[in-house]
Amino acid sequence: MEQCGCVERELDKVLHKLLGYGHHCERSLGELLRYVRHMREELGAAALQGAPLSATLSLVMSQCCRKIKDTVQKLASDHKDIHSSVSRVGKAIDRNFDAELCGVVPDVVWESHEKQQQLLQLAIVEHLYQQGMLGVAEELCQESTLNLDVDFKQPFLELNRILEALRQQDLRPALDWAISHQQQLLELNSSLEFRLHRLHFIRLLAGGPDKQLEALNYARQFQPFARLHQREIQVMMGSLVYLRLGLENSPYCHLLDASHWTEICETFTRDACALLGLSVESPLGVSFASGCVALPVLMNIKAVIEQRQCTGVWSHKDELPIEIDLGMKCWYHSVFACPILRQQTTDSNPPIKLICGHVISRDALNKLINGGKLKCPYCPMEQNPADGKHIIF
Ligand SMILES: [Zn+2]
């Protein structure tokens, strides 16, 4: 963070200078324009009289030309001064950050294959769509000649349209969507539709006694959810008693909490993404954040490996030289490390459950076979290696 602070300080200096230069430019050019306009009026007046150009006027004109030249030159040299500040930012970046990343990633990453480039572009476009930056995504698609299916964009466009409406506290598009996907949402154990109806009901309650009849009629929408959300429905019905007094002055004032709107956006994003087969968080964003955590650790390890002159230790294939903890947020699935070989299992070397119940990796199992028989290294039950079962976590 200290390094970021250094670069930021230099950046602030540049911004400050640029801002000052902008004001200065406006002021000098405005002054110049006024001067030239005045000059033109004088010339026009002289031309109207049909008199030849007087010596005074021609002197004033040449003065005006010189003034224009001087101002422009001064502005250009001031602009040049800013260049040095800009280059100081570059130097601060070089000084504070390690640009030598080649050592911590396989060389092939830097080789520019068309296929890889396209994959990267696709990931960026997907990220932009996911963040709701539709215009930027479209522009990048055009510039990179990436041909995306309408089917690819459609879910993002729909999601963004509904989310945008929700942020404006317009429930209709989200409700229409939830009703049209009712069955699938139920299968996901989602309470999205109920929450949307609930918010609509609360909004009616906030309208006071005038909306009482409408609210009561709307309460019929809760019927299919009576079993699962009984308690919440009771609370809403109880709040009707305070309609005349105003919900904000009642024990039910928490129903008006603005946080319900933030929550509904989160619930909608989570459930809609699950239903549409999209990840809630952008894969590119997650990769980038993980890289920010992992890179400094890897750079340190690289330095240690080089110091001890054991460069062969890290082959860069599919594994890292050490385990890097990215935090609970990045735990997506369970992993299994073979207790015999002390290696994490992979698709090509999956965990195998022996008939005694102990689990080891396939590579370990193959190594332990002796004369067509396998002796469990733990219990030690003798068994047929073919009886081991592939386990999927
Ligand atoms: Zn065993």
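## The CTLH span

Let's start with a database label: an unreviewed UniProt entry lists residues 155-212 as "domain: CTLH". Keep in mind that the model you're looking at is a predicted one. In this model, the span 155-212 is 76% helix and 0% strand. Its end C-alpha atoms sit 37 Å apart.

## The domains

Now zoom out to the chain. The domain assignment gives domain 1 (2-96), domain 2 (120-276) and domain 3 (335-393).

## Helix 3 meets helix 4

Next, find helix 3 (residues 114-130) and helix 4 (residues 134-143), which pack with their axes 7 Å apart. The angle between them is about 160°. Angles over 145 degrees count as roughly antiparallel, so that is how helix 3 and helix 4 run relative to each other. Their crossing is left-handed.

Who touches whom? On the helix 3 side you'll find Ile124, Val125, Leu128 and Tyr129, and they meet Leu134, Val136, Ala137, Leu140 and Cys141 of helix 4. Sorted by class, this contact has nine nonpolar residues, no polar ones and no charged ones.

## Helix 3 meets helix 12

Helix 3 also packs against helix 12 (residues 283-307), at an angle of about 110° and with the axes 8 Å apart. That angle makes the two helices roughly perpendicular. Here Ala123, Ile124, Glu126 and His127 come from helix 3, while Pro283, Leu284 and Gly285 come from helix 12.

How values were computed
Residues numbered from 1 in each chain as written. Predicted model: local features only at pLDDT ≥ 70, side-chain atom pairs only at ≥ 80, totals over all residues. Axes fitted to C-alpha atoms, helices over the stretch in contact; angles between N-to-C directions. Helix = DSSP H or I, 4+ residues; strand = E, 2+ residues; numbered from the N terminus. Parallel < 35°, antiparallel > 145°, perpendicular 65-115°, else oblique. Left-handed = near helix turned anticlockwise from the far one by under 90°. Contact = placed C-beta atoms within 7 Å. Nonpolar A, V, L, I, M, F, W, Y, C, P; charged D, E, K, R; others polar. Domains from an automatic or database assignment. UniProt positions renumbered as here; feature names shortened; annotations may be inferred.
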